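The sequence and the coordinates are shown first.

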Amino acid sequence: MVEIIALDTPTLGDRSYLVTDGEVAFVVDPQRDIDRFLTIVRQRGVRVTDVFETHIHNDYVTGGLALAQATGAAYHVNAADTVSFDRQPITDGDEVQIGPVMRVRALATPGHTFTHLSYVLETPGRPPAVFTGGSLLYGSTGRPDLLGAVHTEELAHAQYASARRLAAELPDDAEIYPTHGFGSFCSATQAQGERSTIGQEKQANPVLTQDEQDYVHALLQGLDDYPAYYAHMMPLNTAGPQAPDLSPPEQAEAPELRRRIESGEWVVDLRTRTAFAAGHVPGTLNFGADGNFVTYLGWLIPWGTPLTLLGDTAEQVAEAQRELVRIGLDRIEAAATGDPHEWSGDTPLESLAVADFADLATVLHHRPVVVLDVRRNQEWASGHLDGAVHIPLHDLLDRLNDVPRGEVWVHCRSGYRASIAASILAAAGRHVVVIDDDIDQATATGAPISAPAQHNTVTR
């Protein structure tokens, strides 16, 4: 019996797949930390013969080359992709026999990239399975704008044609296994679900229910910003990344931490926003490991900036390190764990004031404060507090001077990004209050909600 094992990376919104007949196996779109795949291989006593890439990834560093080298597998990458390593070139229509019962066929499905491939698994006794990468997702498709605005519309039309090709050439009971779409910014819209088929997508997916112009128009209208670190992923992936070094970073004492902060390095506190607000080392930045820290840290940090991690435990730091190597942040300068008083030494800890939207409503009756909304553009457009200033979190470091003077009350949708923003503002010497509350609670306070044309926006 053929088994398809999904390996989730929820912090990046991606899935990789290991497929085995009990003796041999192949892998599709493996993440950088290949030890996860090697563990499954050992547990099942199977041999990996082939590794397939659906495309040169924009949102993570691949583990494909490293996994192929570690297992002796053939590494299949589109023949049209320009890469700096040896691979087994594959192109539309090529077939690969894997063991006695599994056959994999490549289908050209451009749209997410120009050279994107999907892979159809055909095996006796079960419906076909198609590994669609960033092409046809659950209820959505991969976004077409990651190669630059000049190519976006062309790729959007290509994405439509590719989805239609999959729907035309595969039976309705063909199972779909996408790489993106589970929170990934590579997805045009957020996709949900654990499984789907071609037939189900024909009933619900806009790319298969709308005509081409309506689909392309809606797709382009819905695109929002994506993480800045994406710009570094394709060069890393075409160069042929090796397996990461996950050995623990050196431990740093308080004087070293202070020196690193004062020299402009990033010292990141991985604790929860509640713990950070209660007491933290001055100048540290809060990217809580309990949220989507790797996306936002990778998005905001100037590439190449030395990075030190502070965590509750060595295990928390190790997991953060694993997350970071997946996006190419391999070098952790130092780390410290335990009690923040030990990290601070003779320097007193600082705290952040925390409030909710009801507190904000009360304060605004008595004195003016700056209300800073750090949500993304589409979130802002869906409704926002009257009089709020809008600077998306990913723009904040470049726009600190655009935050009006005075006491700043900062909010996002639920509090996680607000804490990141507050730590940046506090490190810059601003008086800041974190609104740790759900944005839906703002209406319960009677706060007026404005449309985009009626608010106080800061642009440049």
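## Arg44 and helix 1

In this predicted model, Arg44 belongs to helix 1, which covers residues 35-44. Its relative accessible area is 37%, and Arg44 is therefore classed as partly exposed, the range between the 20% limit for buried residues and the 50% limit for exposed ones.

Apart from neighbours within four places in sequence, Arg44 is in contact with Glu3 and Ile5. Between Arg44 and Thr20 the C-alpha to C-alpha distance is 9.1 Å, at a separation of 24 residues in sequence.

An open sheet is built from 6 strands in the order 1-2-3-4-5-6, with mixed pairing. Its edges are strand 1 (3-9) and strand 6 (88-90); each has a single partner strand, so one side of each lacks a neighbour in the sheet. From one strand to the next, the twist averages 25°.

Strand 1 pairs with strand 2 (residues 14-20) through 7 bridges in the antiparallel sense. Within this pairing, Ser16 in strand 2 is the bridge partner of Leu7. Helix 1 packs on the sheet and touches strand 1, strand 2, strand 3 (24-28) and strand 4 (47-52); the direction of helix 1 makes about 150° with that of strand 1. Helix 2 (residues 64-71) also packs on the sheet, where it touches strand 3, strand 4 and strand 5 (74-78). The direction of helix 2 makes about 155° with that of strand 4.

Another open sheet has 6 strands in the order 7-8-9-10-11-12, and its pairing is mixed. Strand 7 (95-98) and strand 12 (196-197) form the edges, each with a single partner strand, so that one side of each is without a neighbour in the sheet.

Strand 10 (residues 129-133) and strand 11 (residues 175-178) run parallel and are joined by 4 bridges. Phe131 stands opposite Tyr177 of strand 11. Helix 3 (residues 149-169) packs on this sheet and touches strand 8 (102-108), strand 9 (117-122) and strand 10. The direction of helix 3 makes about 140° with that of strand 8.

## Glu323 in helix 11

Helix 11 (residues 314-325) contains Glu323. With a relative accessible area of 8%, Glu323 is buried, because that class comprises values under 20%. When neighbours within four places in sequence are left aside, the contacts of Glu323 are Thr11, Phe293 and Val294.

Methods:
Residues numbered from 1 in each chain as written. Predicted model: local features only at pLDDT ≥ 70, side-chain atom pairs only at ≥ 80, totals over all residues. Heavy atoms only, no water. Pairing = 2+ DSSP bridges. Helix = DSSP H or I, 4+ residues; strand = E, 2+ residues; numbered from the N terminus. Contact = heavy atoms within 4.5 Å. Axes fitted to C-alpha atoms, helices over the stretch in contact; angles between N-to-C directions. Buried < 20%, exposed > 50% of the residue type's maximum accessible area, 1.4 Å probe, protein only.
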